[in-house]
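You asked for some comments on this model before the next discussion. They follow as numbered points, beginning with the core.

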Amino acid sequence: MEDNIQFRSEAMTTCLTHYPLQSLNTFKIPAFAARYIRLNSLKDIEDFCTTVNVSQTNLYILGGGSNTLFVSNFSGYLLHVQLLGIEVIRETTHKVLVKAAAGVLWHDLVLFCIEKGYGGIENLSLIPGTVGAAPVQNIGAYGVELNQVLDTIEAIELSTGQKVIFTSSECGFGYRTSFFKTKWRHRYLITSVTLVLHEENKFSIEYEAIQSMLDKMEIKHLSFKAISDAIIAIRKQKLPDPDILGNAGSF
C-alpha cells in the first residue's frame, strides 16, 4: 500500500505502508513495517528530513538486515539505505583512499579492493551487511577492525538534513560499538565511508585459524586474495549460508 505523504521530490521512492520485511532480514522473520522508504539518493534523504519531523517519529535505519531480529511488526518509519557506488579518490605511493556509499554490500567492497590490489580489509571478507552499517558496530575479524582503516564517515543529521563528516577518532569506536550505536543512534544516517588502504605486501595472519587454513589450502605465496580466500573458507566452515539457514552471520 502507498502512504499519502507527499515528498518534495517526484523521484523519491514512495512511502509504502504495511511493508513485508521477511526478505530484508537474514533471519527471514515475517514482520511488517508500518511505513517503508527506500533511500536511493542523497536527495531522497534530504526530502525525508524536510518532510518528516524525526524528533517525533519512530525510526529504524536498515542496512543488510543481518544484525536485526524483528520480534514484532515495526510501527514507525523503516529507512532502507540503498545508496550505491565505489570510487578511488586518491592513490599515492603509500596509501589509497577508497570511498564507498552506504548501501554497498560490505563483501562487495572487499572484493573490489582486492581486485584493485588494495590491502587492509581482506581479513573482513564475507562479513554480511552494508558499508553504512559497518561503522555502527565497528566490524572486525581475525585481527583487523574497521576503525584501523577508517579515514572519514559522511552522514546526514536527520533532524536538520545537514551533511556532517566525522574522522575515525570522533566516532567513539570500541569493541563492536561506536557512537552511532549508542548516543548517536538514529541521530545520523551514514551515507558513505572512506577507507585508508595500501598496496604494500603487509598481511595480518597472526590468528592460528588463518595459518592453518592457508596450510590446508596449500597457499605458498601470500596475497590479499589468498588471505581473503582463507577467511571465506573459515567462515563457511563455521556458519551456514544465511540465504539457506537464517543467522546473524557472526564469527
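**Notes on the predicted model**

1. The model is predicted. Its largest nonpolar core has 60 residues, and Trp 106, Leu 109, Ile 121 and Leu 195 are those with the most contacts inside it. Strand β11 gives the most to this core, with six residues. Domain 1 (15–81) and domain 2 (83–243) both give residues to the core, so it lies between them.

2. Leaving aside neighbours within four places in sequence, Ile 121 is in contact with Trp 106, Leu 109, Val 110, Cys 113, Val 149, Leu 195 and Leu 197. As background, nonpolar side chains in soluble globular proteins tend to be buried together.

3. Next, the sheet. Five strands make up an open sheet with antiparallel pairing, in the order β5-β6-β11-β9-β10. At its edges are β5 (86–91) and β10 (162–167), each of which pairs on one side only. On average, neighbouring strands of the sheet are turned by 20° against each other, direction ignored.

4. Helix α2 (residues 106–116) packs on this sheet and touches β5, β6 (96–101) and β11. The direction of α2 makes about 150° with that of β6.

5. The pairing of β9 with β10 is antiparallel and runs over six bridges. Thr 152 stands opposite Thr 167 in β10.

6. Helix α1 covers residues 42–51, and Asp 44, Ile 45, Asp 47, Phe 48 and Cys 49 are buried in it. Two of these buried residues are aspartates, Asp 44 and Asp 47. The cover over the buried residues of α1 includes β2 (32–39), β3 (59–62), β4 (74–81), β9 (150–157) and β11 (188–197).

7. A last point concerns Trp 184, which lies in the loop between β10 and β11. Is Trp 184 buried or exposed? The relative accessible area of Trp 184 is 10%, and buried means under 20%, so Trp 184 is buried. Leaving aside neighbours within four places in sequence, the contacts of Trp 184 are Phe 166, Glu 170, Cys 171 and Phe 179. Cys 171 and Trp 184 are 13 residues apart along the chain, and their C-alpha atoms are separated by 9.3 Å.

How values were computed:
Residues are numbered from 1 along each chain as its sequence is written. This is a predicted model: local features need pLDDT of at least 70, side-chain atom pairs count only at pLDDT 80 or more; totals for chains, interfaces and linings use all residues. Side-chain values use heavy atoms; hydrogens and water are left out. Buried means under 20% relative accessible area, exposed over 50%, partly exposed in between (1.4 Å probe, protein chains only). Helices (H or I, at least four residues) and strands (E, at least two) are DSSP runs, numbered from the N terminus. Contact means heavy atoms within 4.5 Å. Two strands pair if DSSP finds at least two bridges between them. Axes are lines fitted to C-alpha atoms, for helices over the stretch in contact, and angles run from 0 to 180 degrees between N-to-C directions. A nonpolar core is a set of buried Ala, Val, Leu, Ile, Met, Phe, Trp, Tyr and Cys residues joined through side-chain atoms within 4.5 Å. Domain bounds come from an automatic or database domain assignment.
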